[in-house]
Amino acid sequence: MPKTGKCLCGQVSYELNAQPMVTAVCHCKNCQRQAGSAFSVVVVAPSSGVEITGELKTYEDTADSGARLERQFCPNCGSAMFSRQPSSPETIIIKAGTLDDTNWLKPVAHVWCASAQPWVDIPAGVASFPGNAPGR
Ligand SMILES: [Zn+2]
């Protein structure tokens, strides 16, 4: 069963046909700003397994790690949809709040916790890193 998602207005939709690799929570300042929220919940998946319908706009960001990050959003309603790392084009980062069904999400890591908002509790038993997860 493919997992499906869409932006707020529905102009951009997608199907995830591959097994997601990891679900994580990112507390970096840029994710807070882009989401207008405390963090973003993201699913990393093989980019070959994601079929996107509709036109996205891309903002070329520089991540807290210094790496380039392409943040893609719906040009009509502004929903943050995907991030892509030019250094690893084989993966795509899906903003998990755009999924139609979010019940299966189980974040296994919290990253950039150094900039987490102070009231946010990182659950015990879940990996957490002050910056990027090692190896990424
Ligand atoms: Zn939209």
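Which residue's side chain meets that of E60 in a salt bridge? It is R68, at 3.3 Å from N to O. The close-ups below show this pair and others.

This is a predicted model, in which local features need pLDDT of at least 70, side-chain atom pairs count only at pLDDT 80 or more, and totals for chains, interfaces and linings use all residues. Residues are numbered from 1 along each chain as its sequence is written, and side-chain values use heavy atoms, with hydrogens and water left out.

**View 1. Salt bridges in the structure.** The structure holds four salt bridges. The term means a side-chain nitrogen of Lys or Arg within 4 Å of a carboxyl oxygen of Asp or Glu.

**View 2. The K6 and D100 salt bridge.** The two side chains meet at 3.3 Å, N to O. K6 sits in strand 1 (residues 3–6) and D100 in the loop between strand 9 (91–95) and strand 10 (109–111), so the pair ties together parts 94 residues apart in sequence. Strands are DSSP runs (E, at least two residues), numbered from the N terminus. K6 is partly exposed at 42% relative accessibility. D100 is partly exposed too, at 44%. Buried means under 20% relative accessible area, exposed over 50%, and partly exposed in between (1.4 Å probe, protein chains only).

**View 3. The network of E60, R68 and E70.** R68 also pairs with E70, where the closest N and O atoms are 3.8 Å apart. Shared partners join E60, R68 and E70 into one network of salt bridges.

View 4. E60 is partly exposed at 46% relative accessibility. R68 is partly exposed at 47%. E70, at 18%, counts as buried.

Technical notes: Helices (H or I, at least four residues) and strands (E, at least two) are DSSP runs, numbered from the N terminus.
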